[in-house]
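Dear colleague,

Please find below the structure that I am handing over to you.

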Number of protein chains: 4
Amino acid sequence: MKKIDLNCDMGESFGAYKLGMDEKIIQYITSANIACGWHAGDSMVMDKTVKMAVEHGVSVGAHPGYPDLIGFGRRNMDCTPDEIRNYLVYQVGALLGYCKVYGARLSHVKPHGALYLTAVVNKIVARAVAEAIVSIDSNLLYVALAGTKGEMMTRIGNEVGLNVIYEAFPDRAYTSEGNLVSRREPGAVIKEPGQVIERALRMVLEKRVIAVDGSSIPFEVDTLCVHGDTPTAVELTKGIREALEAEGVELSPM
Amino acid sequence: MKKIDLNCDMGESFGAYKLGMDEKIIQYITSANIACGWHAGDSMVMDKTVKMAVEHGVSVGAHPGYPDLIGFGRRNMDCTPDEIRNYLVYQVGALLGYCKVYGARLSHVKPHGALYLTAVVNKIVARAVAEAIVSIDSNLLYVALAGTKGEMMTRIGNEVGLNVIYEAFPDRAYTSEGNLVSRREPGAVIKEPGQVIERALRMVLEKRVIAVDGSSIPFEVDTLCVHGDTPTAVELTKGIREALEAEGVELSPM
Amino acid sequence: MKKIDLNCDMGESFGAYKLGMDEKIIQYITSANIACGWHAGDSMVMDKTVKMAVEHGVSVGAHPGYPDLIGFGRRNMDCTPDEIRNYLVYQVGALLGYCKVYGARLSHVKPHGALYLTAVVNKIVARAVAEAIVSIDSNLLYVALAGTKGEMMTRIGNEVGLNVIYEAFPDRAYTSEGNLVSRREPGAVIKEPGQVIERALRMVLEKRVIAVDGSSIPFEVDTLCVHGDTPTAVELTKGIREALEAEGVELSPM
Amino acid sequence: MKKIDLNCDMGESFGAYKLGMDEKIIQYITSANIACGWHAGDSMVMDKTVKMAVEHGVSVGAHPGYPDLIGFGRRNMDCTPDEIRNYLVYQVGALLGYCKVYGARLSHVKPHGALYLTAVVNKIVARAVAEAIVSIDSNLLYVALAGTKGEMMTRIGNEVGLNVIYEAFPDRAYTSEGNLVSRREPGAVIKEPGQVIERALRMVLEKRVIAVDGSSIPFEVDTLCVHGDTPTAVELTKGIREALEAEGVELSPM
């Protein structure tokens, strides 16, 4: 029986500011990547989000980012490997505090935004992230980009002794080399729900994705990333989940 | 054989800003209260400080404060109990990350500055702090003010199921009721080294302190707080340690 | 012909976080109190908000708060008068930068949240705020609470040489002493639109408000504070404006 | 009679953290670049520093940086031109607040750290900085790197309508192309006081600098940057000033 995980970035509200429909999306996903207060999220939101994940049997993961609340962690910062390593230890540690409070096991770490995208292309950053994770707990799963593009990140994760989880984005276009099409390009984000669901199914059932040039490329996928920041995104996640279940795929946490 | 712990607030540097002579003081103390990045400290400093504490066999404790870097956590903030609880879980958790990296056991939690002083006098804050600690790990020690003034904080710590450590300040004047003399009063801080050492000895050997009115008041002390922010403070700590050892007192971590 | 100003707190979004319906509300108000990046708002939002105010002929005012983004400036902080004074100079100055960019005149300063509420009851804070404003420009208007409760704040504003603007809240209940009913009390916020409009009219036309005990209390009002954070709040502001205009009241900036 | 300005970065303390010997250095310099609270400095420090500059007849300039207190503004951040523009307007505006308080004229803007170094090599950033300055006040001077390396920055400053001030560093090694030798290279910073003074003299009197390969390269210099962060740096500044005055050079603000 095929298995897949559905992950979603959560806990990105901050103080008086609300972002995302976490309370709605939580019922459809199997893993939550929880912001740790640096690019988004705060201690109150982390508390609520870990509690909610535990109540729904959803895996708890850390979603650390650059120290850039004003830029939502989406801007690259020229940090040293030691800075990156420590930024992750701090943020993952903070989430560990909440895991202890709610008796949750921390399952995985997925870097956020610019930190994730830089880790995909920059060996030094990829290694700093991986070393931070393994230094905390070698049982933590390292979420890396599925496909050719993510190979370096994956290899480094394995080298330091981590198990790597391959992540794919059913609502994102891929190049024939298996890279994500840049968000600056038209068509980078696929908006038609039926199409996204179809891509999600193909990723899981056939382990393939149709690239922008029409070619069908193979890749391993362990988890699909979904979004919960709009009512339609919530509906779409529900649709993806139901379509997968209808095909006999088991939804299970990382 | 009498035992005492010497604790010191450490890791209060931030980014390019250096504060304290941690590298000097570490050799004389037995417990380090490490700032967690909110009122002082940052992830790089925490890394270095936990590593140094482990290397010197010094107990690692968390020293969380209000989210007030600009005010060094010295200003009271009108937070709800739930905010305080979460501020502590976050900060203590972050330090736990570094404990995992360096294989250290987190031994204790001592709130910083305005948070400590408010917990001494405000039941709701004292309880929020204690509940945060116990929710993370009931084996964590709760550092509370020794003497009459600290009784409420202590009682609440015990009520929630924590072991409380009584802390005294050999360089601070006490009232005949066992309260610290406010820093705004003249003579609140005792500067003459011989006098501070003498007070430290009396606190440990006789379990008493001479109050400002000359009366001798009894109190239980488990740990003496020393300072490491000036070269003379480092010298004084060395003096306190040597004087205690000369009297056959064993210096041992909490 | 009677005149009144309608003011609204604006520019409270931050980074990726959106708050308020500024683009809708701007057409109905005559003065904007613009957040200055400490309790809310950021430099991008300030730029956009000042530009928008200028385009709509709306008065630009500063809305400075405590350095407490995570608490939205709603929590009291135990700051010294000199700290408060400097917190205001900094924030008002930052807004002055945008006024220079868009050729706007800065018209007024209205402290935000806990800073406002503390200034209403605490002489030292009220004076620190007033002195900050006058030190920048004695032509700046100081927005203070209308009614008995605001008398101290007003007197201090006058003493330091500022012109004080009396602000009233048509959607808030008042005690018979002219105080705002605390938000913790039931009925503190009046939600029925017709009632709010009626109160706004009475405040402007009769210079009176009906207190919770049914008594009619007199007070001077220069500006009514409205809200723009929900679609219904925007509708209500439109209703207040139209009702005032129907009565021949001229809506004009401070 | 030859004239030169001596500028120094000042006001880089933050909260409880002290950096620099501003009180000592102020008597030897003619222009102060004052940190604006984002990479360093805070509202209390700005107040004190502007006041001190005014008292000493020293020109007040803004020294804005990236929003990166933890990295002291020394790390590049991938910001959009609009973000950079607004980051400057905000920070320069904040300093304008203090200029109004102390009746000072804001004379110049010198970007800090990574923002400065990026503006030297990146046209888009150089333009964003220049446009921010001119949008506030076209009389503000734009401090740019002297020599070939600074030509682009200078040209863009002129294009937007600003007067550009050429800045040189007597304690830094230059390449034969007129670039600063990277701090990562050995010999990038010249430490021998006599040599620094000699270089300062040659820069001002001969408008030349001896490059690392021994060649003598020409450049225009309006201001020399000195440091005030150590007692020896203060002494060195005194030495530079006295040597210049002994040669009949007039020290005068930008």
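The notes below take the chain pairs, then a helix contact, and then individual residues.

Please bear in mind throughout that this is a predicted model.

**Chains A and B**

The contact draws 25 residues from chain A and 25 residues from chain B. Between them the two chains bury about 2,000 Å², and carbon and sulfur atoms account for 62% of it. On the side of chain A, the residues that lose the most area to chain B are Met44(A), Tyr90(A) and Lys100(A), which together make up 30% of what that side buries. Of the interface residues of chain A, 100% are also interface residues in chain B, so the copies meet through the same surface.

**Chains A and C**

Chain C can likewise be laid on chain A: the turn is 180°, the shift along the axis is 0.0 Å and the RMSD is 0.0 Å. The two copies are thus related as by a two-fold rotation axis. Within chain C, Tyr17(C) comes closest to that axis, with its C-alpha at 3.0 Å. Here too the same surface serves both copies, as 100% of the contact residues of chain C recur in chain A.

Two packed helices are described by the angle between their axes and the distance between the axes. Helix H2 of chain C, residues 43-55, packs against helix H3 of chain D, residues 81-102, at an angle of about 85° and with the axes 8 Å apart. Angles of 65 to 115 degrees count as roughly perpendicular, and H2(C) and H3(D) are therefore roughly perpendicular to each other. From H2(C), the contact is made by Ser43(C), Met44(C), Met46(C) and Asp47(C); from H3(D), it is made by Asp82(D), Glu83(D), Arg85(D), Asn86(D), Tyr87(D) and Tyr90(D).

Asp68(C) sits in the loop that runs between strand S3 (59-63) and helix H3 (81-102) of chain C. Is Asp68(C) buried or exposed? With a relative accessible area of 2%, Asp68(C) is buried. Apart from neighbours within four places in sequence, Asp68(C) is in contact with Trp38(C), His39(C), Gly73(C), Arg74(C), Arg75(C) and Met77(C), and also with Met77(B) of another chain.

In chain B, the loop between strand S3 (59-63) and helix H3 (81-102) holds Phe72(B). Phe72(B) has a positive phi, near 55°, and is a residue other than glycine. Its relative accessible area is 3%, so Phe72(B) is buried.

**Lys207(A)**

Most residues other than glycine have a negative phi. Lys207(A), which is not a glycine, has a positive phi of about 55°. Lys207(A) belongs to the loop between helix H7 (193-205) and strand S7 (208-210) of chain A. Lys207(A) is partly exposed, its relative accessible area being 31%.

Ile165(D) is part of strand S6, residues 163-168, of chain D. At a relative accessibility of 11%, Ile165(D) counts as buried. When residues up to four places away in sequence are not counted, Ile165(D) touches Leu141(D), Tyr142(D), Val143(D), Ala144(D), Asp222(D), Thr223(D) and Met254(D). The C-alpha atoms of Ile165(D) and Leu251(D) are separated by 15 Å, the two residues being 86 residues apart along the chain.

Met203(D) is located in helix H7, residues 193-205, of chain D. Its relative accessibility is 0%, and Met203(D) counts as buried. Beyond residues up to four places away in sequence, Met203(D) touches several residues, among them Ala168(D), Phe169(D), Pro170(D), Tyr174(D), Arg208(D) and Val209(D). Phe219(D) is also one of the residues touched by Met203(D), and the C-alpha atoms of these two, 16 residues apart along the chain, are separated by 7.8 Å.

With kind regards

Methods. Residues are numbered from 1 along each chain as its sequence is written. Chains are lettered from A and ligands numbered from 1 in the order in which they are written. This is a predicted model: local features need pLDDT of at least 70, side-chain atom pairs count only at pLDDT 80 or more; totals for chains, interfaces and linings use all residues. Side-chain values use heavy atoms; hydrogens and water are left out. Copies are superposed by least squares on the C-alpha atoms of residues with pLDDT of at least 70 in both. Contact means heavy atoms within 4.5 Å. Axes are lines fitted to C-alpha atoms, for helices over the stretch in contact, and angles run from 0 to 180 degrees between N-to-C directions. Helices (H or I, at least four residues) and strands (E, at least two) are DSSP runs, numbered from the N terminus. Angles under 35 degrees count as roughly parallel, over 145 as roughly antiparallel, 65 to 115 as roughly perpendicular and the rest as oblique. Buried means under 20% relative accessible area, exposed over 50%, partly exposed in between (1.4 Å probe, protein chains only). Buried area is the accessible area (1.4 Å probe) that two parts lose on being put together, summed over both.
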